[in-house]
Amino acid sequence: MVNFLYLPLTIGLFIAAKHLQQRFSVTWLNPVLITLSILVVSLLALDISFDDYNQYSGWLSKLLEPAVVALGVPLYKQLYDIKAELPRIAITIVVAAVVAIATTVGLALVVGASPEIAASLAPKSVTTPIAVLISEQVAGEPALTAIAVLITGLVGAVVGIPVLKLCGVHSSKAQGIAMGTACHALGTARIAEEGHQQGAYGALALVLSATFSAMLCPLIVPLFT
């Protein structure tokens, strides 16, 4: 009977966390981070397995697919401007993807990670469904990749915008591209709250980053591992 409470409790936690963030307007009060933290602590404290929890609330994950599709709405509204800038944007994201993959794998190996772990971390900036497939292609561990993707998205959603502003990046287009490229759907959802233009460029960067990373990871990772 308690199992049927997993879903309403999860939704209730998120709504409460969302109200908390709106009430205090503090960036680090990210609703996803708060909800996830409370859920993890609760599951561990009550000795509830993830499989049991996921059985009764897992369909929430399926809503991620239409949510990602919904990001195409601001992209469509900015389509005229984006078409004119698409070559420059594409080159920027290719360079960003190469740097992200190479530095992640290289740094992981330098600090003593095994080649499998390093390969698992390589697609951490890509949305989960594609990152898992990339991980399998480069002999990584998909479960570890999924965790790395989640952490990357959460960190990006919390500190991404303050870091960009601290670095003097105030262009809404540049902010959108940076968040979509570095921290996938979670970063795009966060930057979309700042405005339609940021959301449009973030959604474009999300798609292009996933596409380029899928092509580049199998070429770059073997050079290190």
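The model is predicted: local features need pLDDT of at least 70, side-chain atom pairs count only at pLDDT 80 or more, and totals for chains, interfaces and linings use all residues. Residues are numbered from 1 along each chain as its sequence is written, and side-chain values use heavy atoms, with hydrogens and water left out. The largest pocket holds about 1900 Å³ of space, and the search of the whole structure gives one cavity of 30 Å³ or more. Four salt bridges are counted.

**Largest pocket**

- A pocket is an open set of points on a 1 Å grid over the protein atoms alone, with protein on both sides within 12 Å along at least five of seven lines; lining residues have an atom within 4 Å of a point.
- Grid points are joined across faces, edges and corners, and a volume is the space filled by probe spheres set on the points.
- The lining of the largest pocket consists of 47 residues, and those nearest its centre are Val32, Ser61, Leu64, Leu150 and Leu186.
- Two or more lining residues come from each of helix H1 (6-24), helix H2 (31-45), helix H3 (50-57), helix H4 (59-62), helix H5 (64-70), helix H9 (128-137), helix H10 (142-166) and helix H11 (172-192).
- Helices here are DSSP runs (H or I, at least four residues), numbered from the N terminus.
- H2 provides the largest share of this lining, eight residues.
- Sorted by class, the pocket lining has 32 nonpolar, ten polar and five charged residues.
- In that sorting, Ala, Val, Leu, Ile, Met, Phe, Trp, Tyr, Cys and Pro count as nonpolar, Asp, Glu, Lys and Arg as charged, and the others, Gly among them, as polar.

**Largest cavity**

- A cavity is a set of grid points where a 1.4 Å probe fits but cannot get out.
- The largest cavity has a volume of about 60 Å³.
- Its lining residues are Ala97, Ala100, Ile101, Ala122, Pro123, Lys124, Ser125, Val126, Thr181, Ser209 and Ser213.
- Helix H7 (79-110) and helix H12 (196-224) are the elements that give two or more residues to this lining, and H7 gives the most, with three.
- The classes in the cavity lining are six nonpolar, four polar and one charged.

**Salt bridges**

- A salt bridge is a side-chain nitrogen of Lys or Arg within 4 Å of a carboxyl oxygen of Asp or Glu.
- Burial is given by relative accessible area: buried is under 20%, exposed is over 50%, and partly exposed is in between (1.4 Å probe, protein chains only).
- Glu193 pairs with Lys18, and their closest N and O atoms are 3.2 Å apart.
- This pair joins distant parts of the chain, 175 residues apart: Glu193 is in the loop between H11 and H12, and Lys18 is in helix H1.
- Glu193 is partly exposed at 46%, and Lys18 is partly exposed at 25%.
- Glu193 also forms a salt bridge with Arg190, with the closest N and O atoms 3.4 Å apart; Arg190 is buried, at 12%.
- Lys18, Arg190, Glu193 and Glu194 are linked in a network of salt bridges.
- Glu85 and Lys173 meet through their side chains at 3.0 Å, N to O.
- That pair also links distant parts of the chain, with Glu85 in helix H7 and Lys173 in helix H11, 88 residues apart.
- Glu85 is buried at 17% relative accessibility, while Lys173 is partly exposed at 25%.

**Nonpolar surface patch**

- Patches are made of residues with over 30% relative accessible area and no salt bridge, with like charges joined within 9 Å and nonpolar side chains (Val, Leu, Ile, Met, Phe, Trp, Tyr) within 5 Å.
- Ile147, Ile151, Val155, Val159 and Val163 make up a nonpolar patch with about 410 Å² of accessible area together.
- Accessible areas come from the Shrake-Rupley method with a 1.4 Å probe; for residues, only the protein chains shown count as cover.
- Ile151 lies in helix H10 and is partly exposed, at 49% relative accessibility.

**Positive phi angles**

- Asp47, a residue other than glycine, has a positive phi near 55°.
- Asp47 sits in the loop between H2 and H3 and is exposed, with a relative accessible area of 71%.
- His184, also a residue other than glycine, has a positive phi near 40°.
- His184 is in helix H11 and is buried, with a relative accessible area of 4%.
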